[in-house]
Amino acid sequence: MSAGDPTLFAGGSDWSPSSWRAKPARHQPAWPDPAEVEQATKALRDLPPLVFAGEARALTRLLGRVADGEAFLLQAGDCAESFDSSADSIRDKLRVILQMAIVLTYSGGVPLVKVGRIAGQFAKPRSSPTETVGEIELTSFLGHMVNDIGFSEAERLPDPHRLLTAYHRAASTLNLLRAFTRGGYADLSQVSSWNREFVATSPAGRRYSQMADEIDRALRFMTACGVTADNTPQLHEVEFYTSHEALLLDYEEALTRVDSLTGATYDCSAHMLWIGERTRQLDGAHVEFLRGVHNPLGCKIGPTATPDEVLTLCEVLNPRRIPGRLTFITRMGADRIETLLPPLLQAVRDSGHPVAWACDPMHGNTYTSTSGRKTRNFDDVLAEISGFFAAHTACGTWPGGVHVELTGDAVTECVGGSDKILDADLERAFETLCDPRLNGRQSVDLAFQVAEMLSERR
């Protein structure tokens with residue numbers, strides 16, 4: 001059977017796009033007017049899909065190679081996207097992801113599957129439903145798809161019309177991404193030009209420049225041998241896919257469509273959707289909704305996960321054991337991953353489930369700095385990835401990828417890295433809407449470090 005066969009991993013006769021409504025749904029907004037929610041979702045149901053079923057099937061096949069140990073997943077992008085992101089900001093974010101992909105491919109020696117946290121990452125679960133400043137308590141900022149970051153009652157009121165704004169912002173971002181990745185910007189001959197000044201002046205940037213020169217020489221040799229972008233499209237274009245956490249189920253249901261070619265059901269808000277650590281309850285609405293769509297799925301796995309829970313998630317989300325259908329994204333913390341991950345790896349390995357494993361080294365390593373800012377230390381991020389590789393080596397399994405929050409902007413949100421950002425530097429350019437992100441220099445630095453781990457595994 002092919003990955004597009006609707007019998008492979010549809011939810012069965014007891015599933016429908018709305019069956020999640022009978023389950024407990026965590027981290028959903030307290031919309032003030034249900035009639036306005038219905039009006040917004042009805043409008044969404046009448047709009048075209050943002051992505052297409054054939055693209056999602058192609059990504060499933062690529063992630064199948066990751067599950068088989070034949071490729072590596074780079075999933076990266078903003079913690080929480082902003083409705084105010086400019087075209088330049090989106091381009092620069094893509095550029096950093098492409099730079100990382102080049103480093104991982106060239107230095108790590110493996111094919112790269114490139115997936116952005118982009119064109120839909122507009123909603124965020126929060127540890128507390130409310131936020132207090134002084135004596136004022138308001139609804140927490142839940143992402144631009146729900147409310148605004150400004151601290152007033154009107155700005156924090158959940159507004160279902162933002163669901164439509166999210167759709168249109170995602171559509172604009174997708175159009176821009178397709179233009180960049182198909183229109184020549186991602187051409188390998190542009191590798192040197194991607195080295196922005198603030199990256200080029202860093203140690204990792206200088207290392208990148210040296211690598212880019214080597215690639216340029218190789219391309220000139222290939223051109224002399226008759227291998228050009230005209231006869232080799234892989235030199236000119238990049239396969240780039242989108243993903244986000246499928247958090248707001250009203251939005252995801254409204255963008256669910258039946259593929260006209262296969263009859264299979266897809267959530268057409270993104271190529272890949274993931275379930276968060278806070279919403280992966282086996283009897284919960286998020287697992288119920290996503291078990292029935294045919295997209296490739298991710299599921300965040302934190303330090304409390306047990307082998308039995310992980311195996312049950314495998315059975316519920318991928319009962320037909322399709323390679324590339326399910327990716328577990330671990331987020332354990334640098335000091336715990338080598339202890340907590342191996343029992344999960346062993347259980348899945350012994351069960352025969354074809355899972356792809358990726359490491360989210362960001363969320364388990366967040367702390368509050370002395371200046372009061374929520375931050376992450378680059379060394380902790382790197383240490384968790386190192387522990388992820390070590391756990392897989394010990395278990396004889398494949399460390400399939402990394403899942404990173406980053407930006408192309410010159411922010412100072414995570415301490416450390418080759419530039420040695422200090423706590424005192426955080427105030428200089430702390431711009432995130434939610435969690436701290438790696439900047440361009442730190443991201444390229446991380447890519448070189450991960451590439452070295454990959455080359456050792458190969």
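The legends below describe close-up views of a predicted model. Residues are numbered from 1 along each chain as its sequence is written, and side-chain values use heavy atoms, with hydrogens and water left out. Because this is a predicted model, local features need pLDDT of at least 70 and side-chain atom pairs count only at pLDDT 80 or more, while totals for chains, interfaces and linings use all residues.

**View 1. Confidence along the chain.** The pLDDT (the predictor's confidence in each residue, from 0 to 100) has a mean of 91 over the chain, and 93% of the residues reach 70 or more. Over residues 1–9 the pLDDT is below 50, and beyond near neighbours in sequence this stretch has 27 contacts in the model, a contact being heavy atoms within 4.5 Å.

View 2. Strand β1 (residues 72–77) runs parallel to strand β2 (residues 112–117) and is joined to it by 6 bridges, with L74 opposite K114 in β2.

**View 3. The hairpin of β3 and β4.** Strands β3 (residues 130–133) and β4 (residues 136–139) pair in the antiparallel sense over 4 bridges, and T132 stands opposite E137 in β4. The hairpin has 2 residues between its strands, and G134 in the turn has a positive phi of about 65 degrees.

View 4. Helix α3 (residues 87–108), a helix being a DSSP run of H or I with at least four residues, reaches 31 Å from its first C-alpha to its last, close to the 32 Å expected at 1.5 Å a residue, the expected span being 1.5 Å times one less than the number of residues. Just after α3, G109 takes a positive phi of about 75 degrees.

**View 5. Packing of α1 on α5.** Helices α1 (residues 34–45) and α5 (residues 162–182) pack at about 25 degrees with their axes 8 Å apart, and are therefore roughly parallel (angles under 35 degrees). The contact is made by A40, T41, A43 and L44 of α1 and L163, L164 and Y167 of α5.

Definitions and conventions: Two strands pair if DSSP finds at least two bridges between them. Axes are lines fitted to C-alpha atoms, for helices over the stretch in contact, and angles run from 0 to 180 degrees between N-to-C directions. Angles under 35 degrees count as roughly parallel, over 145 as roughly antiparallel, 65 to 115 as roughly perpendicular and the rest as oblique.
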